[in-house]
Amino acid sequence: MQTDDFFSNPAFQNLSDQKMEFLMNFMNQKKPAAPKEMLALLMAFSNRARGEGIRFSPDETSLLVEYLKQSMSPADRRKADLLLSMFKSRS
């Protein structure tokens, strides 16, 4: 999923300027190579967004996760999915 494809998704069509700028900064970061790195990046991203008063819908969050996983191997994608499901069950 290229950045242009990402933002053409209907979930991202009506973003505020603040949210769009926040996402662009996020997208310009290096993608994590390992599932644990992805989880740490998502947690930091979530905390920073919350601190700036930005909230993401479940659809937006799912797309962000898919964007981050695209550079991972199939095995690491499965590990990431497992880590995310464990994290969601604890929240």
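Me: Hi! How much space lies in the largest pocket?
Reply: Hello! About 650 Å³ lies in the largest pocket, and please keep in mind that this is a predicted model.

Me: Which residues lie nearest its centre?
Reply: Those are Leu42, Ser46, Arg50, Thr61 and Phe87, out of 23 residues that line the largest pocket.

Me: And which elements give two or more residues to that lining?
Reply: Helix H3 (35-51), helix H4 (58-69) and helix H5 (74-90) do. The largest share comes from H3, with eight residues.

Me: How do the lining residues divide into nonpolar, polar and charged?
Reply: The lining of the largest pocket has 12 nonpolar residues, six polar ones and five charged ones.

Me: Okay, on to helix packing. At what angle do H2 and H4 pack?
Reply: Helix H2 (residues 17-27) packs with H4 at about 20°, and their axes are 12 Å apart. Because of that angle, H2 counts as roughly parallel to H4.

Me: Is the crossing of H2 and H4 left-handed or right-handed?
Reply: H2 and H4 make a right-handed crossing.

Me: Which residues meet there?
Reply: From H2 you have Lys19, Leu23, Phe26 and Met27, and they meet Glu60, Leu64, Tyr67 and Leu68 in H4. By class, this contact of H2 with H4 has six nonpolar and two charged residues, with no polar ones.

Me: Now H3 and H4. How do their axes cross?
Reply: The H3 and H4 axes cross at roughly 145° and come within 11 Å. H3 passes H4 in a right-handed crossing.

Me: Who makes the contact on each side?
Reply: H3 brings Met38, Leu41, Leu42 and Phe45, while H4 brings Leu64, Val65, Leu68 and Lys69. Seven residues of this contact of H3 with H4 are nonpolar, one is charged and none is polar. Leu42, by the way, also came up among the residues nearest the centre of the largest pocket.

Me: Nice. That leaves H2 with H3: parallel or antiparallel?
Reply: H2 and H3 pack at about 155°, with axes 12 Å apart, and that angle is why H2 is described as roughly antiparallel to H3. H2 passes H3 in a right-handed crossing.

Me: What are the residues in that contact?
Reply: On the H2 side there are Phe22, Leu23, Asn25 and Phe26, and on the H3 side Leu41, Leu42, Phe45, Arg48 and Ala49.

Me: And by class?
Reply: The contact of H2 with H3 has seven nonpolar residues, one polar and one charged.

Terms used. Residues numbered from 1 in each chain as written. Predicted model: local features only at pLDDT ≥ 70, side-chain atom pairs only at ≥ 80, totals over all residues. Heavy atoms only, no water. 1 Å grid on protein atoms, 1.4 Å probe; cavity = no way out; pocket = protein on both sides within 12 Å on 5 of 7 lines; lining within 4 Å. Points joined across faces, edges and corners; volume = space filled by probe spheres on them. Helix = DSSP H or I, 4+ residues; strand = E, 2+ residues; numbered from the N terminus. Nonpolar A, V, L, I, M, F, W, Y, C, P; charged D, E, K, R; others polar. Axes fitted to C-alpha atoms, helices over the stretch in contact; angles between N-to-C directions. Parallel < 35°, antiparallel > 145°, perpendicular 65-115°, else oblique. Left-handed = near helix turned anticlockwise from the far one by under 90°. Contact = heavy atoms within 4.5 Å.
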